[in-house]
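Work through the exercises below with the sequence and the model in view. Each task is followed by a solution in steps.

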There are 2 protein chains.
Amino acid sequence: MVFGKKVKTLRKSRDMTLKELSILSNVSSSMLSQIEREEKNPTIQVACQIAEALNTTLSYLLDEQEDKDIILLKKAQRPIYVDEKSGFQRHLLSPSLSSQGIEFILNIIPPFSESGVFPAHKVGVKENIYISKGRLDVELGGGSFSVELVEGDSFYFAADTEHRFINLSNEECHYFLVIDSTHYRGGSSTLPKDNK
Amino acid sequence: MVFGKKVKTLRKSRDMTLKELSILSNVSSSMLSQIEREEKNPTIQVACQIAEALNTTLSYLLDEQEDKDIILLKKAQRPIYVDEKSGFQRHLLSPSLSSQGIEFILNIIPPFSESGVFPAHKVGVKENIYISKGRLDVELGGGSFSVELVEGDSFYFAADTEHRFINLSNEECHYFLVIDSTHYRGGSSTLPKDNK
DNA sequence: TAGAATATTTCACTATAGTGAATTTAAATC
DNA sequence: GATTTAAATTCACTATAGTGAAATATTCTA
């Protein structure tokens, strides 16, 4: 954890002095000095005050990812997964960076076919879809909810529930999918429901 | 900050006892008890130990967003911004949730036209694009880098630099854009470069 | 380079985070 | 419902986070 260093960097980048930050954050400048040099270990409370004064969040200050600059993915190179049975295709459009919580995917469903049931994601995971061609039925929670989408529509949902995509029409359906897992971190994968 | 409550919820959801968590995290169970009831205020160090023991991150435990479930956006309703001069269009495909750091957009550039120069985003902001129709030249950093993309290509880049999209062909260019701002929080908007 | 002005670090002190053992509460077993 | 067992809380104590003022280092100006 390089919390202190990050604070110092940010503070410097704002051209702030310890005293200024002290006033904004309501943390003594001596404390700030010690924190920046990792001599003392702030409570999350004061860490939070500091984050706010720097106009940021503690989450950010604690996040250690630092990543790549640019990645070009030519059509021919992109990973494609095809379900032999249904003909359902998944084209990965975003690089798969471990540190990244976003996936950008183009999905194609043949006429009168479907994606199969996707199990619930972890809590906090969101999906955003856009229909670029054809029609699509989205079913959530094992059928407890469903919408019919047509070309040009988009749909956003919390993906911590079963979901399924169905193409009831006689033409291919193309839709883009953005999966946002950036807010997931906790949550238990496959919890035993009740084992008393 | 409801840190303690979150810890307790997570611990319970894993069917763990204070003692178990204590062993894993190397934090005394009395301390844990007090933290969960907000009687004491952990340092980020022990908060971190707890997060790890719960197989999560401190960022997550401190994140307070809790949001919507589903949002349907019909084609006719979606917000579209058109630049009268160039004819450049931006179609917003994702809901604009303040808490959300993702934007999903469909952009359309007329033949022989361009987007204009987008100023650098804050550090940490990423863009991911996919060309669904036509050709597109992407220029980064005021011309210091450029690529030519064709239908089917996708491109990922750190958007903390000037960027510009150009359509040099005689047909419309359609491209999808995913802007990920989830990892930005700090950073100064328009820093005075050098004011000694 | 000397001297004023400001930013940072040090130090002695106070408040509170963090601990281990004892106590209480809750839950299971007979 | 009494007894045992385990989980959660309380308590007295120790370690350390956090403070204000003094000392030091740094930057600026003449």
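K5(B) sits in helix α1 of chain B; helices here are DSSP runs of H or I with at least four residues, strands are runs of E with at least two, and both are numbered from the N terminus. The model is predicted, so local features need pLDDT of at least 70 and side-chain atom pairs pLDDT 80 or more, while totals for chains, interfaces and linings use all residues. Residues are numbered from 1 along each chain as its sequence is written, chains are lettered from A and ligands numbered from 1 in the order written, and side-chain values use heavy atoms, without hydrogens and water.

**Exercise 1.** Determine whether K5(B) is buried or exposed, and find its contacts beyond the neighbours within four places in sequence.

*Solution.* Step one: the relative accessibility of K5(B) is 57%. Buried means under 20% relative accessible area, exposed over 50%, and partly exposed in between (1.4 Å probe, protein chains only). K5(B) therefore counts as exposed. Step two: with those neighbours set aside, K5(B) is in contact with E36(B) and E38(B), where contact means heavy atoms within 4.5 Å. Step three: the C-alpha atom of K5(B) is 9.7 Å from that of L61(B), 56 residues away along the chain.

**Exercise 2.** Describe the backbone and setting of E38(B) and of F112(A).

*Solution.* Step one: E38(B) lies in the loop between α3 (29–36) and α4 (44–53) of chain B. Its phi is near 60°, a positive value in a residue other than glycine. Most residues other than glycine have a negative phi. Step two: E38(B) has a relative accessible area of 45% and is partly exposed. Step three: F112(A) is in the loop between β4 (102–109) and β5 (113–118) of chain A, with phi near 55°. F112(A) is exposed, at 60% relative accessible area.
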